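Let's go through some labels together and ask what stands behind each of them. Have a look at the model first.

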Amino acid sequence: PITPSQGELTFCHLLSIDRIHQSSPQRQTLIMVLFTSGCLGFGRMGPNRELKFALEKYWRGDIDAATLIAVANQVEELSWDMQNDAGIDKITVGDFCLYDNVLQWAEWLGIIPSRFGSMQPGMDRMFAMARGVDGAPALSK
């Protein structure tokens with residue numbers, strides 16, 4: 001049998017069997033594949049919409065950025081645990097987003113419309129692009 005290399009989850013196991021076909025023995029090889037599971041696009045708001053409520057509190061000024069990030073980290077870790085407990089083999093990391101994936105990448109890459117250029121880079125500028133601020137309408141408008 002073929003065994004998986006160290007750290008590899010997917011492998012094939014070859015099994016030879018004898019079969020009788022038209023009164024003459026034939027040797028056939030069957031390939032059995034063990035599949036692994038993965039999850040792309042796991043919900044990021046939390047089972048009780050914890051991140052949604054934390055975002056709204058942050059925008060109202062009821063919590064600070066550190067508290068928002070702490071909630072986001074808890075939700076992300078919970079999603080990993082839920083997938084692991086469900087038996088998912090390959091769990092993505094590094095794909096979590098606070099609000100909008102495209103805007104987050106735009107912020108990381110510095111692809112910022114000029115009307116937001118005077119703002120400090122970071123989370124607040126990303127939210128401003130999504131929601132708009134005085135003198136700079138949201139990108140969707």
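This is a predicted model: local features need pLDDT of at least 70, side-chain atom pairs count only at pLDDT 80 or more; totals for chains, interfaces and linings use all residues.

Q: Why is arginine 125 called buried?
A: Buried means under 20% relative accessible area. Arginine 125 has a relative accessibility of 8%, so arginine 125 counts as buried. Glutamate 107 is buried as well.

Q: What makes arginine 125 and glutamate 107 a salt bridge?
A: The cut-off is a side-chain nitrogen within 4 Å of a carboxyl oxygen. Here the closest N and O atoms are 2.9 Å apart, so the pair qualifies as a salt bridge. The pair links distant parts of the chain, with glutamate 107 in helix H3 and arginine 125 in helix H4 (residues 123-131), 18 residues apart.

Q: Why is the contact between the side chains of arginine 125 and glutamate 107 also called polar?
A: For a polar contact, the N or O atoms must lie within 3.5 Å. These two side chains make their contact at 2.9 Å, so the distance meets that limit.

Q: How many salt bridges does a search of the whole structure find?
A: There are 3. One of them joins the side chains of lysine 52 and glutamate 56, at 2.5 Å from N to O. Another is formed by aspartate 62 and arginine 60, with the closest N and O atoms 2.9 Å apart.

Q: Where do lysine 52 and glutamate 56 lie?
A: Both are in helix H1, 4 residues apart, which is about one turn of the helix.

Q: What makes lysine 52 partly exposed?
A: The label covers what falls between buried, under 20%, and exposed, over 50%. Lysine 52 has 28% relative accessibility, so it counts as partly exposed. Glutamate 56 also has 28% and therefore counts as partly exposed. Aspartate 62 and arginine 60, on the other hand, are both exposed.

Q: How many aromatic pairs does the ring rule give?
A: The count comes to 5 aromatic pairs.

Q: Why is the pair of tryptophan 59 and tyrosine 99 called edge-to-face?
A: Ring centres must lie within 6.5 Å, and planes over 60 degrees apart count as edge-to-face. The centres of these two rings are 5.2 Å apart and their planes are at 85°, so the pair is edge-to-face.

Q: Why can tryptophan 59 and tyrosine 99 be said to tie together parts that are apart in sequence?
A: Tryptophan 59 lies in helix H1 (residues 50-60), while tyrosine 99 is in the loop between strand E4 (90-91) and helix H3 (101-109), so the pair ties together parts 40 residues apart in sequence. Tyr58, Trp59, Tyr99 and Phe127 form one aromatic cluster.

Q: Are tryptophan 59 and tyrosine 99 buried, or partly exposed?
A: Tryptophan 59 has 26% relative accessibility and so counts as partly exposed. Tyrosine 99 is partly exposed too, with a relative accessible area of 29%.

Q: How do you know that the charged end of arginine 131 sits over the ring of tryptophan 59?
A: The charged end is 3.7 Å from the ring centre, and the distance limit is 6 Å.

Q: Why is glutamate 77 partly exposed rather than exposed?
A: Exposed starts over 50%. Glutamate 77, in helix H2 (residues 65-85), has 48% relative accessibility and therefore counts as partly exposed.

Methods: Residues are numbered from 1 along each chain as its sequence is written. Side-chain values use heavy atoms; hydrogens and water are left out. Rings of Phe, Tyr and Trp (its six-membered ring) pair if their centres lie within 6.5 Å; planes under 30 degrees apart count as stacked, over 60 as edge-to-face and the rest as tilted. Helices (H or I, at least four residues) and strands (E, at least two) are DSSP runs, numbered from the N terminus. Buried means under 20% relative accessible area, exposed over 50%, partly exposed in between (1.4 Å probe, protein chains only). A charge sits over a ring if NZ of Lys or CZ of Arg is within 6 Å of the ring centre and within 35 degrees of the ring normal. A polar contact is a pair of N or O atoms within 3.5 Å; within protein, one must be able to donate a hydrogen and the other to accept it, and residues adjacent in sequence count only if both atoms are side-chain atoms.
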